[in-house]
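Here are a few notes to read with the model open beside you. Take them one at a time and find each spot as you go.

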Amino acid sequence: MNFLEEKDALCKKEEPLLEVVNLKTYFPIKSGVFRRTVGYLKAVDDVSFTIAAGETLGLVGESGCGKSTTARSILRLVEPTDGKIFFKGTDVRALKESQLRSLRRHMQIIFQDPYSSLNPRMTVASIVGEGLRIHEKLPWREIRERIAFLLDEVGLSPHHINRYPHEFSGGQRQRIGIARALALNPSLLICDEPVSALDVSIRAQIINLLTDLKERHNFAYLFISHDLSVVEHIADRVAVMYLGKIVEIASSTELYNHPSHPYTVSLLDAIPLPDPKRRRNVTPLKGQVPTLAHLPSGCRFHPRCERKRPICETHQPPLTEVSPSHSVLCHSPIS
Amino acid sequence: MNMEPGLQNPTMETSQEQPARSLWSDALHRLKKNRLAVFSFFIILIYLIVAVLCGAGLLATNYDEQSYKIDEKGNISLNSYSPPSFKNPLGTDIQGRDVLSRVLQGSWISLRVALTMSAIYIFIAVLLGAFAGYFGGFIDDIIQWLYQTLASIPGLLMLIALTFVLGKGLTNVAVALGLVGWVGLCRLMRAEYLKHKARDYVLAAKAQGAGPFRIMFKHIFPNTFHIVIISFSLGFVHAIMGEVVLTFVGLGAKAHEPSWGRIISEARAELAREPAVWWPLLSATVAMFIVCLAFNILGDALRDSLDPKLKE
Amino acid sequence: MEVLLCVSDLATYFETEGKTVCAVDGVSFEIKRGETLGLVGESGCGKSVTALSIIRLIPTPPGKIVRGSVLFDGEDLLKLKESAMRRIRGNKISIIFQEPMTSLNPVFRVGHQIAEAAVLHRKISWNEAKELTVEMLARVEIPAPKERYYDYPHQMSGGMKQRAIIAMALICNPSLLIADEPTTALDVTIGAQILRLLRDLQSQLKMAILFITHDLGVVAEMAHRVAVMYAGKIVETADTLTLFERPLHPYTRALLASVPHLGKKTKRLFVIPGEVPDPLRFPSGCRFHPRCSSASDICRSRLPELRQYEDSHYVSCFNISSEAKEIPR
């Protein structure tokens, strides 16, 4: 624990809370009797970004683009293959298992599925209190008080402390998951599609809860979603991922008003708007999302891209800055 | 449309009235609805009570007492093979001992064998299954190799071999049964651990800073415990039958021990007599049959009611 | 336009462990020929059960259609014999489901499964059916349809499978297509392709669509008219423009306000308090009243009827007159 608090003091003001540099997470593809590695699934391939304290970064992409793997790699819930992750200046990848465990209290995660993310055989008290019991040597009575307080904070009644997860609805379960993440008072909360599995009317409750909690505690969020309209609502900056790479990263207003990558444009166009007057008439993006095992050469988006040039098929585009705080991975960005 | 949203709107009216119910109490509730299972449970309860009373020396204490009879000429001889009567409801055996008492005592022996065996095989199966499933990789390979090897040797042969190594006798039979019987449960536990370790709640526990042993035994184990219970219930049947088979081939209970296996193996000769002495065989077989059937029914009912498909 | 499907007072209940779940409880609506009706609602509101009741695919038991009528082309489907119903299913009325992964049998070739529907209903030979299938695969914009005919389902991506399923549903040229959340399991860009395809096919084939979804954006894009369902009942129906411009029912209004709009960033989202009600314990009176800001005593005790407000705008609420002034955005 101490090494982190020392770092905290040393941590300069301008240093970002989280810095991810050239992160790569590959999963080996094994085949044959001897399970030889015949190739790699490049789930996360050279991803870099930073999150400042109190900032919300939205991470957007379609299924299989590597956004969840990125989140889990940051927490080292899956081991990254290469790259650096700095949290408050500490190199997360260099930590030993025991140090990592004490670091994780500062970075917590909220999951998408409110059903599988809560242990069905544990009471709300033991689910929410688990982190406290591991990290703080407090008497059970005090832990219970803290749990009751946390439940209240996420809009649940403290009466529910001895209930089991199956007695709650999806929205309430998601609140329990949030209380669990809050218990250790983290400075970074990774939200992995926290509202995707919820009903429309419950979604707004949880989004507002997350907004309120952020205002109160000044968390930083890494907010992962496939839904651009939810991300626009909550994020300060947005990164768009496609097949393991961040193809565009910019401030929220910049990205939504001046998208530069053809994929971002198509993604924005593809969202059905709840407004029949704005019924769009753009051609939807053609083709299928390629699988990670069979990545296209050159720019990974070129088989679906309308602005494709010969260079796109052969060379990976560099990350270019179109304006300060707006970078795009494209040979011919839209200006 | 100015409702007070967000934090201050506790949304609880749905589940306020019911008391907290764990999945276990739900399962018990379902189990109670199965009449046959409840009936089986009571039979098992009676079996357990009888067994414990016999073990404590409070019931059927006369199982080893020989009885005598006096014929018309005044000769005293062993009251062997007396058919069922008021005095001996299930008759007597070759040495004039009461068959009912011996059958009752047999329940205590089978219980001892079953508990010893279960303790051993459940311990091995849970430990190895959890390690194999949770850690995977090299550890998994070794454990899988171990149980695949074991499973490829015919069970009875393995049991006989082990009992020869350990020595004859009931305790060693139970130990042998335990050392051989863990493969099935271990496979199930490994599969369960594989399934559960991919669940988000395990990731959440990791993210909270829980170590591997805490995750394996505090978080995942309660989710697999129903399998242990079912296996335990059905395992009783294996223990009882295993004792009978091993005693029958001459490896289990010694001559004076009133185990069901002993009674049944002695019946070989008795049935060949003229008139046939059928009551010891019938009594022991029926006792074994009823207990095994009850355990089987209860085991199946437990499987249904503890269905791991969690409530929505 | 002529009315194709007229559902009136349809109710489907499920019996589980001695309790009755009123999944659909008195639902009425019409679909005209060539029209798309969007049926919107949250999970458990009964929209899928409504669809399954129309084509009588409710698993019985535990489910049972307890009352109502479903007039299709003037014929009450609920009174038909099962054999007659089979001739309608997949022929005059087709259904596509949310999960493209499980809707195709993994051990048969995709083309074969599509052709089978044609052989079954149109009494044509396998060769003709194959030709028709290839034509249909081309119509749903599957590239190289002749080759894809011999694919197995696992060789296709999710979007391709959903296209194949659409081809299978349309091969007998149905007059009604029921689409139950056809894009929910797909990625945004793929979903947009499928929506576009369905719109194009509808204008070519002149079929009616009952489009079931929870996504207001999808409804705005697809539907001519919309019916909003809540807790087993339809609370509001109107043509799409009217519903989105002048929603009258408090639930519709709140639902519209609680969705984040792309390009219209607000500080806080509007929130409907409370939970979606448990179908085992629907509230008394108007089923939305525990979550409604304008609920009054009558809402707690009496169930409102669906009443007409404007031309083809029906709402079931007691407090329309006071509420119907302006729509918050």
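This is a predicted model: local features need pLDDT of at least 70, side-chain atom pairs count only at pLDDT 80 or more; totals for chains, interfaces and linings use all residues.

1. Helix H6 (residues 170–182) of chain A packs against helix H7 (residues 200–217) of chain A, with an angle of about 15 degrees between them and their axes 10 Å apart. Angles under 35 degrees count as roughly parallel, so H6(A) and H7(A) are roughly parallel to each other. As for handedness, H6(A) passes H7(A) in a right-handed crossing.

2. Now look at who touches whom. H6(A) brings A:Gly171, A:Gln174, A:Arg175, A:Ile178 and A:Leu182 to the contact. From H7(A) come A:Ile202, A:Gln205, A:Ile206, A:Leu209, A:Leu210 and A:Leu213. Sort the residues of this contact by type and you get seven nonpolar, three polar and one charged.

3. Next, hop over to the second largest pocket, which has a volume of about 660 Å³. Its lining is made of 33 residues, and the ones nearest the centre are B:Gly181, B:Gly184, B:Leu185, B:Ser231 and B:His238.

4. Which elements give two or more residues to that lining? They are helices H3 (99–135), H4 (137–151), H5 (155–166), H6 (170–180), H7 (183–197) and H9 (212–248) of chain B. H9(B) gives the most, with ten residues.

Technical notes: Residues are numbered from 1 along each chain as its sequence is written. Chains are lettered from A and ligands numbered from 1 in the order in which they are written. Side-chain values use heavy atoms; hydrogens and water are left out. On a 1 Å grid over the protein atoms alone, a cavity is a set of points where a 1.4 Å probe fits but cannot get out, and a pocket is an open set with protein on both sides within 12 Å along at least five of seven lines; lining residues have an atom within 4 Å of a point. Grid points are joined across faces, edges and corners, and a volume is the space filled by probe spheres set on the points. Helices (H or I, at least four residues) and strands (E, at least two) are DSSP runs, numbered from the N terminus. Axes are lines fitted to C-alpha atoms, for helices over the stretch in contact, and angles run from 0 to 180 degrees between N-to-C directions. Angles under 35 degrees count as roughly parallel, over 145 as roughly antiparallel, 65 to 115 as roughly perpendicular and the rest as oblique. A crossing is left-handed if the near helix is turned anticlockwise from the far one by less than a right angle, and right-handed if clockwise. Contact means heavy atoms within 4.5 Å. Ala, Val, Leu, Ile, Met, Phe, Trp, Tyr, Cys and Pro count as nonpolar, Asp, Glu, Lys and Arg as charged, and the others, Gly among them, as polar.
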